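Reader: I would like to walk through the charged pairs, the chain contact and the ring pairs of a model. Can we take them one at a time?

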2 protein chains.
Amino acid sequence: MVFLPSGKRGSFAVGTALLDAARQLGVDVDSVCGGRALCGRCQVLCVEGSFPKHNIVSDGGHLSPFSDTERAYETRRRRSLATGRRLSCQAKVLGDLVVDVPAESQVHRQLVRKKAEHRDIVLDTNTRLCFVEVAPADLYNQKGDLERLRDALFAQWKLEDLAVDSSVLRYLQPVLRKGNWSVTVAIRGHKEIAAVWPGFKDTIYGVAVDIGSTTIAVHLCDLISGELFNSGGVMNPQIRFGEDLMSRVSHIMMHPESVTALTEVVQQGVSDLIASVAKEKSIDVNDVLEAVVVGNPIMHHLFLGIDPIELGGAPFALATEGSLNVLARDLNLRINQGASVYLLPSVAGHVGADSAGVILAEEPYLRDEITLVVDVGTNAEIVLGNRQRLLACSSPTGPAFEGAQISAGQRAAPGAIERVRIDPDTLEVRIQVIGSTLWSDEQGFAESIRHCGITGICGSGIIEAVAGMYLAGVLTSDGVIDGRLAAKSDRLVADGRTWSFRLYSGAQEILVTQNDVRQIQLAKAALYAGVKLLMSRAGIEKVDAIRLAGAFGSHIDARYAMTIGLIPDCKLDKVSSAGNAAGTGARIALLNMAARREIETIVRRVEKIETAIEPQFQQFFVEAMALPHSVDNFPELFAVFKRPETGKPAEKTADRRQRRRKQR
Amino acid sequence: MVFLPSGKRGSFAVGTALLDAARQLGVDVDSVCGGRALCGRCQVLCVEGSFPKHNIVSDGGHLSPFSDTERAYETRRRRSLATGRRLSCQAKVLGDLVVDVPAESQVHRQLVRKKAEHRDIVLDTNTRLCFVEVAPADLYNQKGDLERLRDALFAQWKLEDLAVDSSVLRYLQPVLRKGNWSVTVAIRGHKEIAAVWPGFKDTIYGVAVDIGSTTIAVHLCDLISGELFNSGGVMNPQIRFGEDLMSRVSHIMMHPESVTALTEVVQQGVSDLIASVAKEKSIDVNDVLEAVVVGNPIMHHLFLGIDPIELGGAPFALATEGSLNVLARDLNLRINQGASVYLLPSVAGHVGADSAGVILAEEPYLRDEITLVVDVGTNAEIVLGNRQRLLACSSPTGPAFEGAQISAGQRAAPGAIERVRIDPDTLEVRIQVIGSTLWSDEQGFAESIRHCGITGICGSGIIEAVAGMYLAGVLTSDGVIDGRLAAKSDRLVADGRTWSFRLYSGAQEILVTQNDVRQIQLAKAALYAGVKLLMSRAGIEKVDAIRLAGAFGSHIDARYAMTIGLIPDCKLDKVSSAGNAAGTGARIALLNMAARREIETIVRRVEKIETAIEPQFQQFFVEAMALPHSVDNFPELFAVFKRPETGKPAEKTADRRQRRRKQR
């Protein structure tokens with residue numbers, strides 16, 4: 001008998017179940033019920049005959065006849081038996097066979113991934129389900145219920161020396177009796193009984209949690225199929241203690257006792273979000289057995305109940321940089337009380353577990369091309385490198401890219417200008433606003449924004465505005481708004497000694513002031529200086545590919561970013577959005593144990609550069625203040641901007657809107 | 001150089017510290033500070049010279065001169081340096097030496113034990129202290145604080161791959177800074193950081209907890225010295241849900257939601273008792289790092305939050321019979337949040353972790369003589385055997401021995417008659433009462449009991465009364481009170497068709513009724529039948545030694561117990577009290593890790609006999625109803641009782657009283 005695709009082969013006694021044969025050979029065939037025809041996970045395709053000649057199997061041939069149990073499976077609602085397939089726990093060897101194990105019947109199967117994501121995930125979760133039939137309690141053969149459960153797990157699953165979570169002991173006895181001594185056990189890490197349910201059960205869930213300073217995102221995955229079931233996000237309730245990270249740390253410095261409250265609200269917020277994401281799919285939170293958490297160092301510490309005060313000043317010492325396994329109950333998470341939480345390792349004091357998630361999702365360490373991964377927030381986390389070498393730093397960009405410190409700045413929400421086009425000849429402006437799919441010069445625009453109005457400009461909008469102003473000659477390369485153009489257009493508005501540029505005037509006038517331009521220059525210079533520092537340290541002149549991670553990264557247009565010198569030069573088709581790479585990294589670590597070991601090893605290899613103590617950083621920063629790509633010396637970008645925007649079909653833009661709305 | 005008493009020897013470079021030399025040879029020398037002359041635990045005695053000729057060391061000889069550091073130790077309050085001794089971390093090898101490591105400088109030293117206890121304890125605790133100097137956080141060499149602590153523990157103590165309790169992370173950073181990067185770490189099981197304190201610290205504590213249905217006892221031990229620091233006891237607050245075990249289980253059967261309350265009160269009770277025992281010695285409960293808990297199966301389950309309902313009926317299934325390690329915080333114990341709790345294994349559904357504690361304390365499995373260990377409560381737990389074979393059962397004696405179901409019965413408390421002597425000629429009665437040290441015919445007796453009065457009779461009193469009545473001929477061998485003696489003494493009082501015997505008449509008349517005698521007969525027959533069942537199963541006719549465990553066991557007089565057939569015949573000098581053996585067992589497991597492994601192995605070897613399903617048990621029970629040893633065929637006992645009680649010096653009795661009062 002030979003199993004495909006592994007090619008493992010062996011001889012077995014007539015009458016051996018295919019599943020047993022597979023087990024003996026170490027062939028990867030899934031089963032939750034342990035061969036009782038309950039789960040339908042062990043389906044295989046059989047062809048018989050002397051090798052290498054194969055014929056489709058016929059009853060009475062080299063395989064036992066199709067059983068009634070299998071027939072019942074043909075019409076099952078879930079995991080029904082496809083034509084030509086057999087349940088390997090029911091079908092028995094009668095002669096030579098070739099058994100093909102389809103991907104969905106393998107435990108360690110590859111999951112299909114979204115296009116934006118780099119790697120495939122091989123399903124290999126920390127917690128698995130095992131159905132067992134336990135010997136009932138017996139007065140004549142006294143033994144504890146747990147010990148009889150352990151005996152059954154050994155006899156039926158070869159699991160030995162299993163520890164038990166203390167929460168399980170509290171309900172083990174009624175569950176065994178309710179299930180009439182048949183139970184499904186969640187086994188964690190091949191070594192611990194994490195939960196027990198009466199009867200047969202074949203679904204448990206895990207959550208990947210990304211705790212951002214602004215939003216918390218949760219992705220609920222089926223741990224048996226690997227499928228992403230549902231996602232959701234909420235505002236981080238810590239916002240009431242301070243909008244950004246540093247204001248929260250300042251709040252704690254002034255009110256040291258408030259750490260507890262900051263921890264409680266974020267733990268509560270995560271719990272509530274998990275509950276709501278689970279409820280939307282009618283899932284019981286007690287079926288959630290695993291969580292993987294990423295977050296920047298301050299979020300990470302506060303989630304664990306650690307005072308982040310040390311991260312507020314040099315030497316920016318983390319309580320721990322290693323990965324952590326904590327019980328969900330110790331973090332007050334309202335999921336199964338035996339559930340465990342894995343926190344990805346941090347890279348350095350400013351480069352947290354979220355960056356580790358980004359690295360894991362993006363895998364620059366597996367490629368030859370030198371990739372720059374940038375995750376922009378109040379701090380930009382920057383990772384640069386390839387399989388030879390990996391460097392990381394954090395650069396203090398400030399909150400300008402998030403719309404703060406900009407006169408008309410606002411969070412990316414309906415009413416915010418997010419796209420800006422400026423005609424270099426007329427200085428006329430076209431805009432797009434979050435909440436509408438139309439450009440401002442298209443018919444119906446006014447109607448389409450009536451519900452939200454035009455209230456300000458968000459991060460991606462201000463970048464396009466500054467870049468557009470520069471390309472149109474409104475800005476000099478050192479970032480001064482050229483008031484001489486007031487003669488040409490009334491969009492230039494005097495403002496004391498400096499000038500502003502009017503983007504829009506309606507109920508509210510939206511201007512880009514000279515100070516706004518300075519803020520963007522400072523922010524982009526900080527980011528660029530960080531990138532330059534890593535490139536200089538790595539001894540390279542250019543990067544092969546750029547990945548922009550995070551919400552901001554998925555909304556900015558690479559061309560504009562390059563125009564103003566936010567990112568270094570790179571082939572335009574090699575600059576792309578990595579989506580929520582931190583969350584993706586968490587999801588990978590949720591579904592694949594090897595990925596946890598991988599990122600734990602990788603982060604230790606990362607060279608951490610501390611911008612605060614690098615003299616070069618200041619130099620790069622000053623050099624990066626100018627706007628680098630003028631119309632004249634970058635005709636490619638100029639050509640794009642000159643033409644009316646027609647590149648993107650309306651449908652695609654609508655899609656993007658919808659996705660973005662969902663994330664909020 | 002040679003170390004005594006181990007005899008280990010080796011050659012070392014001139015200038016090597018004795019402590020380092022000892023470490024390299026694997027010689028057991030204690031140190032908490034790791035060789036920094038802070039703890040004073042590494043004291044040794046040195047003699048120099050070529051072997052085998054030894055001379056007391058003189059300065060400038062084979063050993064470095066007495067240092068100033070050591071001189072400062074001569075006048076220290078704690079752990080001062082005795083004359084002739086050296087600190088092995090300060091004294092350095094200059095030539096041939098014989099180094100004697102006194103017992104108190106060894107980690108694994110033997111502790112001196114009380115006479116009542118069988119075994120010596122070798123100190124080998126689960127949790128130990130290590131003082132370390134950690135490299136301060138450094139902007140130029142970024143690393144998490146935990147990682148730097150781990151590095152220090154590896155460099156200074158060779159401890160590798162240490163896990164960390166999540167509670168430690170919450171306070172690690174401020175503690176490191178408060179201690180100016182010197183901290184003392186509690187390491188559990190050589191593999192986990194359980195707690196951290198700023199600076200040098202050399203005391204942590206553990207508690208042995210014995211949860212009885214009636215009382216909870218706590219013994220607070222210094223985990224570094226092994227010393228018993230303080231003990232205390234309180235009533236089990238579950239009593240408000242039912243006096244005895246079965247009434248509590250019935251309460252739960254009727255009010256299933258009350259399990260939580262029963263768990264909460266007992267966890268709270270244990271916490272409160274630990275707090276009060278610690279407070280009496282000015283000890284911070286955060287310095288308590290270990291707890292070991294014993295209790296009968298129902299107490300064990302309720303303490304863990306497990307519904308004990310399965311133990312209320314056949315097949316008496318335990319949730320688990322194995323030992324358990326649980327975090328203190330998961331049991332809501334208010335000790336250090338990183339503390340762990342070890343629960344001894346249970347033997348069987350009726351023979352709990354308390355019996356395992358008794359077995360561990362009594363070690364019948366290490367002896368050739370066949371020992372019977374009896375722990376009498378509402379159920380009597382009986383263990384029989386020697387190194388070849390060990391059997392155990394539980395016998396339903398009922399609460400008569402605890403004073404319940406006896407007409408004038410009461411708990412052993414001031415005012416209770418506890419000793420009874422009956423003159424066989426005159427039928428005159430002498431009694432002793434808890435709260436007084438005088439016999440009732442001694443001068444001053446009335447005065448001595450004025451504060452408490454005479455309110456009833458306790459378990460040991462009723463046994464002496466029944467035995468005395470039998471020996472005096474008031475009772476026939478089948479337990480009938482002989483009314484014909486009414487002609488001889490007015491102590492015989494008619495009571496319908498039966499007779500009672502008056503022990504005392506004062507404010508209250510205290511009688512032993514015919515029914516009281518029947519209750520005692522039933523109880524002692526159940527106990528004896530259990531013993532007989534084990535003896536029959538073991539194929540033996542007699543036991544070599546009897547140990548009576550528990551409060552009741554330490555108060556009953558073996559001679560009376562034997563007279564009425566409570567225990568089988570045995571040489572009187574081989575019958576003794578084992579004291580609170582369950583608590584002693586817990587204390588052994590607290591101080592010695594090998595003992596934990598030992599009892600876990602031993603309980604699995606114990607043959608469990610279930611009295612409820614043994615037909616022989618009923619037969620033995622019926623046979624055991626009679627009173628076996630009459631005056632005529634047991635002259636030895638008779639002789640003792642005839643004489644006025646002079647055997648025990650008054651002082652000794654007073655001692656015993658005082659001890660008993662303390663236990664309440």
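Author: A salt bridge here is a side-chain nitrogen of Lys or Arg within 4 Å of a carboxyl oxygen of Asp or Glu. The model is predicted.

Reader: Are B:Arg421 and B:Glu464 buried or exposed?

Author: Buried means under 20% relative accessible area. B:Arg421 falls in that class, and B:Glu464 does too: both are buried.

Reader: Where do A:Asp145 and A:Arg148 lie, and what separates them?

Author: Their side chains meet in a salt bridge of 2.2 Å, N to O. Both residues are buried. They belong to helix α3 of chain A, residues 145–157. They are three residues apart there, so the separation is about one helical turn.

Reader: Why do B:Glu428 and B:Arg491 fall into their accessibility classes?

Author: The cut-off for buried is under 20% relative accessible area, and partly exposed lies between that and 50%. B:Arg491 has 11% relative accessibility, so B:Arg491 is buried. B:Glu428 has 40%, so B:Glu428 counts as partly exposed.

Reader: How many salt bridges cross the interface of chain A and chain B?

Author: The contact takes 41 residues from chain A and 41 residues from chain B. The two chains have 30 residue pairs in polar contact. A:Glu310 and B:Arg177 meet in a salt bridge of 3.0 Å, N to O. Across the interface, the number of salt bridges is four.

Reader: Which element gives the largest share of the side of chain A that touches chain B?

Author: Four elements of chain A each supply at least two residues to that side: α3, α4, α7 and β16. By class, the side has 19 nonpolar, nine polar and 13 charged residues. The largest share is six residues, and the element is α4(A).

Reader: Which three residues of chain A supply more of the buried area than any other three?

Author: The area buried between chain A and chain B is about 3,400 Å², with 54% from carbon and sulfur atoms. Of the area that chain A buries against chain B, 18% comes from A:Leu139, A:Gln142 and A:Arg170.

Reader: What geometry does the pair A:Tyr205 and A:Phe229 have?

Author: The structure holds eight aromatic pairs over all chains. In this one the centres are 5.4 Å apart, with 65° between the planes. Planes over 60 degrees apart count as edge-to-face, so the pair of A:Tyr205 and A:Phe229 is edge-to-face.

Reader: How far apart in sequence are the parts that B:Phe401 and B:Phe552 tie together?

Author: The two rings are stacked, at 5.2 Å centre to centre and 20° between the planes. Both residues are buried. B:Phe401 lies in the loop between β20 and β21 and B:Phe552 in helix α12, so the pair ties together parts separated by 151 residues.

Terms used
Residues are numbered from 1 along each chain as its sequence is written. Chains are lettered from A and ligands numbered from 1 in the order in which they are written. This is a predicted model: local features need pLDDT of at least 70, side-chain atom pairs count only at pLDDT 80 or more; totals for chains, interfaces and linings use all residues. Side-chain values use heavy atoms; hydrogens and water are left out. Buried means under 20% relative accessible area, exposed over 50%, partly exposed in between (1.4 Å probe, protein chains only). Contact means heavy atoms within 4.5 Å. Buried area is the accessible area (1.4 Å probe) that two parts lose on being put together, summed over both. A polar contact is a pair of N or O atoms within 3.5 Å; within protein, one must be able to donate a hydrogen and the other to accept it, and residues adjacent in sequence count only if both atoms are side-chain atoms. Ala, Val, Leu, Ile, Met, Phe, Trp, Tyr, Cys and Pro count as nonpolar, Asp, Glu, Lys and Arg as charged, and the others, Gly among them, as polar. Rings of Phe, Tyr and Trp (its six-membered ring) pair if their centres lie within 6.5 Å; planes under 30 degrees apart count as stacked, over 60 as edge-to-face and the rest as tilted.
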